[in-house]
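Here are a few notes to keep beside you while you look this one over.

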Amino acid sequence: MQLPSELLHPLAGLRLLARGDARGLSHFDISDDGVIRSFRAALFCLPALIVYAVLRRIEFLQVLPDLGRPHLVYIFQVLVIEASNWCFTVVFLTLAGFVLGLRPLVRPLIVMLNWAAVPFVYAVSILLYPVLLLLDDRSTLQWMAATLLLLATLIGSLIVLWRILHTVIGGPKWRRTAFLLLTILPPLWMTHSLEKAMGLIVAHG
C-alpha cells in the first residue's frame with residue numbers, strides 16, 4: 001500500500017535532517033495550521049497502537065486473571081495512556097525549548113516529533129514488541145537476544161534523534177543532552193505512574 005504524501009513528505013525531511021542536511025526543515029509546515037495538522041500523525045499510528053494494546057492485554061492475562069475488566073476497557077486504557085504520553089512529551093518539549101533558549105525552534109520540533117512518532121510507533125508495536133513477547137520467559141539465550149534487540153532499537157532511535165537535533169539545534173552538546181533528558185524522562189515517569197494507577201503493568205514472576 002502506498003503511503004500518502006502527507007506522511008511521506010515529512011518523513012523524507014526527517015531522513016535529510018538525520019543525514020545532516022538542513023534542507024530537511026523545508027519539508028515541515030510550521031504555520032498554525034501545519035502544527036495542528038501534524039497531530040494527524042496520531043491517526044496513522046492508531047492501527048499499530050491498537051495491535052500493541054491487544055498484545056499487552058494478552059500478555060497481562062497470561063500473568064494475572066482480570067475477570068472484572070472487559071477486554072475493550074483494558075485496550076481503551078492502554079490507548080489513553082499512549083495518548084497521554086504523546087501529550088506529555090509535547091508539553092515537556094515545549095518547556096525544554098523555553099528553558100534552554102530554543103523558543104524559535106519549538107514549533108518545528110513539535111511538528112517533527114509528531115511525524116517522527118509514526119515510524120517509531122510501528123517499529124515498536126508491530127516489530128519489536130511481538131518479538132519480545134515471543135522471547136519472554138524462554139531460555140537464557142533467548143532472553144539475551146530479546147534484551148539486545150530492545151537495546152539496539154533504543155540506541156538506534158536515540159542516535160537518529162541526536163543526529164536530527166544536531167542538525168536542527170546545533171550548539172553545545174550539553175544543550176542537546178539537556179533537551180533530550182527534559183523531553184523524554186519526565187513523560188516516561190508520568191506515563192509509568194499512570195499505568196500503575198490504572199493497573200496496567202504486568203508484574204512478572
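1. Confidence first. The protein chain has an average pLDDT of 89, and 94% of its residues score at least 70; pLDDT is the predictor's confidence in each residue, from 0 to 100. Helix α4 (residues 71-99) has the highest confidence, at 95, while helix α6 (residues 140-168) has the lowest, at a mean of 84. Helices here are DSSP runs (H or I, at least four residues), numbered from the N terminus.

2. Ground rules. This is a predicted model, so to speak of local features takes pLDDT of at least 70, side-chain atom pairs count only at pLDDT 80 or more, and totals for chains, interfaces and linings use all residues. Residues are numbered from 1 along each chain as its sequence is written, and side-chain values use heavy atoms, with hydrogens and water left out.

3. A helix crossing. Have a look at α1 (residues 5-18) and α5 (residues 106-135): their axes come within 10 Å and cross at roughly 100 degrees. That makes α1 roughly perpendicular to α5 (the term covers angles of 65 to 115 degrees). Axes are lines fitted to C-alpha atoms over the stretch in contact, and angles run from 0 to 180 degrees between N-to-C directions.

4. Who meets whom there. On the α1 side you'll find Glu-6, Leu-7, Pro-10, Leu-11, Leu-14 and Leu-17; on the α5 side, Met-112, Trp-115, Ala-116, Val-118 and Pro-119. Contact means heavy atoms within 4.5 Å. By type, this contact has ten nonpolar residues, no polar and one charged (Ala, Val, Leu, Ile, Met, Phe, Trp, Tyr, Cys and Pro count as nonpolar, Asp, Glu, Lys and Arg as charged, the others, Gly among them, as polar).

5. Cysteines. Cys-45 counts as buried because its relative accessibility is 0%, whereas Cys-87, at 47%, counts as partly exposed (buried is under 20% relative accessible area, exposed over 50%, partly exposed in between, with a 1.4 Å probe and protein chains only).

6. Ser-125. This residue is found in α5 and is buried, at 3% relative accessible area. Beyond residues up to four places away in sequence, Ser-125 touches Ala-48, Leu-49, Val-51, Tyr-52, Leu-55 and Pro-130.

7. Ile-75. Sitting in α4, Ile-75 is buried at 15%. Setting aside neighbours within four places, Ile-75 contacts Ala-53 and Val-54.

Conventions. Helix = DSSP H or I, 4+ residues; strand = E, 2+ residues; numbered from the N terminus. Parallel < 35°, antiparallel > 145°, perpendicular 65-115°, else oblique.
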